[in-house]
Amino acid sequence: MTDALPGIGVLGNVGISVPELVKLGAEIEQAGFPGVWVIEYEYDSIALAQAIAQGTSTVMTGTCITRAFTRHPISLATTAAAIDQLAPGRFTIGLGSGALESADPKLSLQRWGVPWDRSAARMKEYVEVLRRALDGDTLGYQGDFYDLNHVELELLPEKRVPIFLAGGGKRMMDLAGSLSDGVFMHMVDEQATRATRERVAAAAEKHGRDPGELDVSNLIMTCVDDDRATAVAAMKHWLVEYYLSMKVYQSILADNGWADEGKTILDAYMRGDKEAAEAAVPDGLIENFTITGTPDECRQKLAEFVSWGTTMPILYVFPSRGDWRDAYRRTIDTFAGATAAG
């Protein structure tokens with residue numbers, strides 16, 4: 001564990017341009033954070049990570065996560081090799097299926113129209129091809145999803161590029177333990193964090209790997225404000241805005257005894273009453289699954305996440321007062337120079 005936090009999540013598409021993101025990455029680096037990460041929505045997280053890598057000199061950067069199935073694994077390998085030559089040892093590939101199912105029946109399961117069926121089996125082949133390509137192998141590879149004949153990268157990375165997988169389901173956790181360098185979690189409490197660690201470790205041991213060499217990373221929704229009530233209200237807003245209409249997050253509510261609240265949130269969301277939806281978000285969801293509150297409260301909450309077994313916490317920044325640039329500033333000021341243990 002380093003003297004500063006292992007990572008800070010950067011939501012690169014909201015309220016901040018690519019040049020601003022590069023500037024922010026440099027500020028985060030100067031504040032002592034060793035990681036600047038990006039997620040993916042309707043923009044290219046790989047390009048954003050490359051921009052951050054070229055605008056910094058020491059921080060690790062990467063995707064948490066990028067949609068694997070929208071890119072061919074060889075194409076991603078060639079891009080990763082180029083980025084690593086620009087920033088040796090500072091780029092990590094984080095992969096997910098990108099197939100979250102909305103609870104809104106009017107929305108497609110996979111908006112981009114790419115295949116995502118048998119996602120764990122498809123991801124296994126994807127990672128195998130990607131890893132072998134980055135390691136310099138000449139690929140013939142015949143699988144159910146990828147069929148390659150004598151493919152070899154002309155440009156290789158300077159150093160080994162880590163590959164992380166989103167651990168949203170049991171099969172993906174098993175795959176992460178067997179093949180990857182780490183697992184990304186999101187929206188997990190203490191019980192889910194410990195369960196993920198145990199399952200990934202068991203899969204690693206089953207395949208003759210050392211579980212201690214795998215990172216367990218958590219993309220933690222974070223909202224800092226001097227006034228706790230303001231931070232909590234903002235976090236409820238962002239949870240409704242981005243996540244709680246999706247079936248997987250509705251399941252999290254139900255699994256934690258908030259099925260009625262989940263139905264209220266969804267019903268209100270579907271009729272366009274976001275105020276009512278936000279009012280129904282359980283306080284326990286904020287307390288157990290996010291870092292929300294005053295600077296002191298947020299530092300203490302981060303220490304709790306680390307104590308549960310998170311080896312690489314990534315702060316997924318949200319604004320308390322609508323200003324994204326201010327939110328990053330508050331987060332940097334709150335956590336700069338702190339140890340992950342608080």
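This is a predicted model: local features need pLDDT of at least 70, side-chain atom pairs count only at pLDDT 80 or more; totals for chains, interfaces and linings use all residues.
Figure 1. Gln142 is found in strand E6, which covers residues 139-142; strands (E, at least two residues) and helices (H or I, at least four) are DSSP runs that are numbered from the N terminus. When residues up to four places away in sequence are not counted, Gln142 touches Asp147 and Leu148, a contact being heavy atoms within 4.5 Å. The side chains of Gln142 and Asp147 are joined by a polar contact of 3.4 Å, and the side chain of Gln142 also reaches the backbone oxygen of Leu148 at 3.2 Å. A polar contact is a pair of N or O atoms within 3.5 Å; within protein, one of them must be able to donate a hydrogen and the other to accept it, and residues adjacent in sequence count only if both atoms are side-chain atoms.

**Figure 2. The salt bridge of Asp44 and Arg71.** The side chains of Asp44 and Arg71 meet in a salt bridge at 2.9 Å, N to O, the term standing for a side-chain nitrogen of Lys or Arg within 4 Å of a carboxyl oxygen of Asp or Glu. This pair links distant parts of the chain, 27 residues apart: Asp44 lies in the loop between strand E2 (35-38) and helix H2 (45-55), while Arg71 lies in the loop between strand E4 (66-67) and helix H3 (73-86). Asp44 is partly exposed at 38% relative accessibility, whereas Arg71, at 18%, is buried.

**Figure 3. The salt bridge of Asp225 and Arg321.** Here the side chains of Asp225 and Arg321 form a salt bridge of 2.7 Å, N to O. The two residues, 96 residues apart, link distant parts of the chain, with Asp225 in the loop between strand E10 (215-224) and helix H7 (228-242), and Arg321 in the loop between strand E12 (312-317) and helix H13 (324-335). Asp225 is buried, with a relative accessible area of 0%, but Arg321 is exposed, with 52%.

**Figure 4. Further salt bridges.** Asp137 and Arg132 form a salt bridge in which the closest N and O atoms are 3.5 Å apart; Asp137 is partly exposed at 32% relative accessible area, and Arg132 is partly exposed at 28%. A network of salt bridges links Arg228, Glu287, Glu297, Lys301 and Glu304, and the structure holds 26 salt bridges.

**Figure 5. Helix H5 and the elements around it.** In helix H5 (residues 170-179), the buried residues include Met172, Met173, Leu175 and Ala176, together with Gly177 and Ser178. The buried residues of H5 pack against helix H4 (119-134), strand E8 (163-166), strand E9 (182-186) and helix H6 (190-206).

**Notes to the figures.** Residues are numbered from 1 along each chain as its sequence is written. Local features need pLDDT of at least 70 and side-chain atom pairs count only at pLDDT 80 or more, while totals for chains, interfaces and linings use all residues, and side-chain values use heavy atoms, with hydrogens and water left out.

Technical notes: Buried means under 20% relative accessible area, exposed over 50%, partly exposed in between (1.4 Å probe, protein chains only).
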